Amino acid sequence: MKRVMSCTLWAAIVGCNLARSDAPPAAPSAPASAGYSSSALYNSANAYARAGKPGLAVLNYERAKLLDPIDPDIEPNLDRVRQRASLPPLPANALIRLSHAIPPEAVAWIGFVGLLLAGSSLLSRELFPRHRGKLLAVALFGFCLLGITLGCAIAVYPTLQEAVVVGHSVEVRVSPTLLEEPLFVLPEAEIVSVGAEHEGFMLIRNSAGRTGWAPNANLALVVPKRQVTSPAL
Amino acid sequence: MGRRFQHGIWTLAACGLLIGAVAANPARAAAAADASVDASIEPSQITLGESARLTYTTSGRGTLSVPLPVVSGLEFRVVGQSSRFEFVNGVSISSTSTIIRVTADEAGVFTIPGPTPKSPPLVLRVNPSNGAGPSLSNPAAPGLNPLNSGALEANGIRLTPDGSAYVRLEVPKHELYVGESVPAEIQVGMRDGFASSINGLPKLNSSDFTLNSLSFQPERSAKVIDGKPFTVYSWHSLLSAIKPGSYSLTFEAPVTVRIRTQPRRDSILDDLLGDPFMQNLFGPSVTKNLTVTSPGAAFTVLPLPSEGKPADFGGAVGSFKISTDVSSATNTAGDPLTLRMHVNGSGTFDRVQSTMLAADAEWKTYQSKSSFNQADPTGFRGEKTFEQPIIATKPGVQTIPALSFSYFDPGTRHYETAKSAPLRVTVSPSAADSAAAPPPLANAAANAPGAAAAKDRSGLRPDHPAASARSDSLVPVYLRPPFLGVQSVLALLFAGGWVALRRRARNARDLQRHRERVRRAAASQQLQQMAAASGAGNTALFFNSARGALQQVLSLDWQMEPEQVTTGEVEARLGPEDQAIRQLFALTDEANYSGGTPRADFERWTDVVNHRIQAHPA
């Protein structure tokens, strides 16, 4: 039992250190040389929107939303840019609204604490049978906290597999080659989910459920595969 | 004018005879008692495909109804009728002759019944044909003569022996190189009124040449050969040589012609009619399927020279020019362009091939496709266009290298290589690349002091002060692998601990149950000893057995061994409601240590023990 408790304590320490690594730097006003900043992404998105580049604007809004989902300005601006591009507003269910209500760091802490509470309570129920009822209530509370994190993860995870159309009228073909006749055309700023990549093409699925291969050059992944180092961001 | 008038007179006369023949149909029913009928057939021996003439002659007064004979394998058809009046010694005698054409469907000896039951039968012998047509192979066959003999090789055209059709090949040259194509025109001439139909496309009688597919509908024109009108059907195609050598090419075409069956001496009158339609109408004839062959055309096929053959030569022979263009002179990196190469000229376009642009560091290329726009029906002249999708991999001013195409020119008798000019394309950075690039300058203006709070004219909410935390990843913390790993390890540890505790508790419960079963069995045995001692009046044994049974039961409640349940433990643990059990332990000690036998109510103490055992939960 002592071994279990020591492991739990170790995990808690690691979790704390992990969360601390995403904490703001000591001097927020100091210019950083690398990494993403939600405000910088948001400002870039606004600039692209003003410059008439809805694809790049939507891409940066989506990236800013991942870093700071509770920012009240991102969602209205994103909807406005999509409206200008004649695209429907993005769907929002309960889980998405939940993920937009809690900062990502808080979601991580909630999940960590919830797992600790639920796990330790279940163990204690076996050790202290006289307090089984109270410990069960604590375990259920921990599971609820864990559910919040799980719900946010379910809501946000598809965004990690999405890409934004940054080209004009991108043609989608049935195979990853330019010899095929286009199946349909993707408008700029549309968000598509990416299934696979092959020799400069991405297998995409649009909001209507249609699939096909589109050139990589006209799509930008919301979460790029390679780490981007840019002083401007 | 006079000849045309003569034709008209003969035409009217022939029509009158035809009407008379129809009016005097021998099938009509009328008979006279003193009329007689004679029958004759000429010739009595024919070749299969030829016809014989059967003549029924009725004489005397009145008419006879003579039906057409019916013989299996023979076809009878009335082709004419004539009447004659004679005055002999002041008496008029009339006779009528009905001419019937007899055609055999098969060889053999046929017996034709006479016109009347008393008439003798006629015999017609039909010999098998030699397969070359009735009169073409042997124009002097008995009873059958060609309409126009001696018309061979007139005006460079070789007519069939009966002069009804010909096949002719026209090519611009007779010396070719292997793989070279020349336009060819195949003419099938059919004399009006004698050749009735073409039963198939002309066929090339050589495996050393290839002929492109002929058009289904030929061109049609009129032509006069040796004063005779012909209808000429012309097919256009491309003739290509396969291997070197000297060859003689012939073409053949299946046609259907009408062959005269009238003897030559009788055809003079028909020839005077002039009009082919009237000739065939009045001249006895049959339709036959013939295969007309053209005269041999000599060709010399030369091999392609091996000297100076370019490495990219693909077998195209002709005269060509090339040009290239690109779909757009400005483009974005990653967007596809279409590179086109146009090959114009004349020759074997099916051998015109090109690999187009090869992939390199500046251009990513895809497989090309081609299309051909022919300028003539045969495809000898035209333009072949190759289209290749290409993608610029780098921004900037890029150059598409020159393309080349090699062919053999039979005019100069040398290999030639046509080259196009290089093309320049201005490529701008792709949109995906600019996603990571610095934003436009409008952002800088928006970040100016006071601009962040200003209401954007575009309806967007204002920019934020650039003071937010930076992260090395866009992935939320709770979806990053380290967090998920820690959570997973924690969950596994908790789950493992919970399972271990549950298993330990279950083992303890199992041990307790086993212990209960053993002690209940022991208590039951003690109860039996109590009953035996009670029956024997052995007070000491009774109380010892009673205490032993209670020790088994109480040890289960108190989680101790039965031997540890002593009188002292009983005094300490049991309450006032269990006074009887205290007394039982005291009486047992009295019976064991005093040596006397206390007075005992066996039935009462048995009830006390049973009640305590039953009170314990199973």
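This is a predicted model: local features need pLDDT of at least 70, side-chain atom pairs count only at pLDDT 80 or more; totals for chains, interfaces and linings use all residues.
A residue is called buried here when its relative accessible area is under 20%.

View 1. Of the 618 residues in chain B, 42% count as buried. The chain holds 10 helices and 30 strands. Its accessible surface comes to about 32,400 Å², and carbon and sulfur atoms account for 54% of that area. Among contacts between residues at least 6 apart in the sequence of chain B, 68% join residues at least 24 apart.

**View 2. Surroundings of Ser473(B).** Ser473(B) sits in a loop of chain B, with strand E30 (470–471) on one side and helix H6 (481–536) on the other. From its side chain to the backbone nitrogen of Val475(B) is 3.1 Å. Leaving out residues up to four places away in sequence, Ser473(B) touches Arg480(B) and, in chain A, Tyr36(A) and Leu67(A).

**View 3. The largest nonpolar core.** This core has 46 residues, and Tyr61(A) and Tyr478(B) touch the most other members. Elements giving two or more residues to the core are helices H2 (38–50), H3 (54–67), H4 (74–84), H6 (104–127) and H7 (132–160) of chain A, together with H6 of chain B. H3(A) supplies the largest share, eight residues.

**View 4. Contacts of Tyr478(B).** With residues up to four places away in sequence not counted, Tyr478(B) touches Phe483(B) and Leu484(B) in chain B.

**View 5. A second, separate core.** This core has 30 residues, including Leu169(B), Leu204(B), Leu249(B) and Phe251(B).

Definitions and conventions
Residues are numbered from 1 along each chain as its sequence is written. Chains are lettered from A and ligands numbered from 1 in the order in which they are written. Side-chain values use heavy atoms; hydrogens and water are left out. Helices (H or I, at least four residues) and strands (E, at least two) are DSSP runs, numbered from the N terminus. A polar contact is a pair of N or O atoms within 3.5 Å; within protein, one must be able to donate a hydrogen and the other to accept it, and residues adjacent in sequence count only if both atoms are side-chain atoms. Contact means heavy atoms within 4.5 Å. Buried means under 20% relative accessible area, exposed over 50%, partly exposed in between (1.4 Å probe, protein chains only). Accessible areas come from the Shrake-Rupley method with a 1.4 Å probe; for residues, only the protein chains shown count as cover. A nonpolar core is a set of buried Ala, Val, Leu, Ile, Met, Phe, Trp, Tyr and Cys residues joined through side-chain atoms within 4.5 Å.
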